[in-house]
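Here's a short tour of one protein chain, written for someone just starting out. Have the structure open as you read.

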Amino acid sequence: MGRDQRRTVRELVDAHGQTYAEEAGIRLKDTPQPLYRLLVLAHLLSARISASIAVATARALSEAGLRDPRRMAGATWQQRVDALGRGGYRRYDERTATQLGEAAELLTERWGGDLRRLRDQADGEVSALRRLLQEFPGVGPTGADIFLREAQLVWPEAGPLLDRKALQGAERLGLPGDPDRLLPLAGRTEPAVLAAALVRAAVDKDVAEDTLDRVG
């Protein structure tokens, strides 16, 4: 069973081990702009909307020049709505446009537009990071978990993190639901990459079925 589970994880990661930041065109580094773009992506992904639309919308906001909190706050509400619409994020566009503006203003006023200062304020405590991230309008517990799930690549204190959605993907694949048992099956795979692949299995039945078919 252990060998089969390792193969399941390997097949999953080989085919679907792309973080959502990568898919959105974010080259994640511990610098202000990529971290801010990841925060916006986490906000978008946390809504009841498909991940593909959230990713496309993150790209549309970036293409509109809204890549940092100063530009996001400086844009008009209508400019934000239009960019969200180009990404297909129409169901929540008006409320989200307001929240993105308010969140950008909060980040600028409280942390100088730099999420690393929020990280410093948390002083290495993941619970504090979660709490502070949820102070941004539109970012609840799910959004905070999405941000940290991806940010653990550059914020090691956040990991290893397999959030609730990742563990749902593990369950769908017949893998252990306990992170302490699941992580060793992935060998040297980065937890952020494993988590993203598991989330894809959770939200897309075809990903899970494709993986299990290749395992045999």
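## A pair one turn apart

Glu11 and Arg7 sit 4 residues apart in helix 1 (residues 2-16), so about one helical turn separates them. They form a salt bridge, with their closest N and O atoms 3.8 Å apart. A salt bridge here means a side-chain nitrogen of Lys or Arg within 4 Å of a carboxyl oxygen of Asp or Glu. Helices are DSSP runs of H or I with at least four residues, strands are runs of E with at least two, and both are numbered from the N terminus.

Glu11 counts as buried at 16% relative accessibility, while Arg7 is partly exposed at 32%. The cut-offs go like this: buried is under 20% relative accessible area, exposed is over 50%, and partly exposed is in between (1.4 Å probe, protein chains only). Arg7 and Glu11 also belong to a salt-bridge network with Asp210 and Arg214.

## Where this comes from

You're looking at a predicted model: local features need pLDDT of at least 70, side-chain atom pairs count only at pLDDT 80 or more, and totals for chains, interfaces and linings use all residues. Residues are numbered from 1 along each chain as its sequence is written, and side-chain values use heavy atoms, leaving out hydrogens and water.

Side chains of opposite charge can pair when their charged atoms come close. A search of the whole structure turns up 12 salt bridges. One of them joins Arg119 and Asp30, at 2.9 Å from N to O. This pair links distant parts of the chain, 89 residues apart: Arg119 is in helix 8, and Asp30 is in the loop between helix 2 (20-23) and helix 3 (32-45). Arg119 is buried at 18%, and Asp30 is partly exposed at 27%.

Glu135 and Arg131 make another salt bridge, at 3.8 Å from N to O. Glu135 is partly exposed at 33%, and so is Arg131 at 49%.

## The whole chain

What is the chain built from? It has 14 helices and 0 strands. Its radius of gyration is 17 Å, close to the 17 Å that the globule rule gives for 216 residues, so it is as compact as a globular protein of that length. (The radius is taken over C-alpha atoms, and the rule is 2.2 Å times the number of residues to the power 0.38.) Of the 216 residues, 52% count as buried.

Gly159 and Pro160 are joined by a cis peptide bond, with omega about 0°. Pro160 lies in the loop between helix 10 (141-151) and helix 11 (164-172).

Asp123 isn't a glycine, yet it has a positive phi of about 55°. Asp123 is in the loop between helix 8 (115-122) and helix 9 (126-133), and it counts as exposed at 64%.
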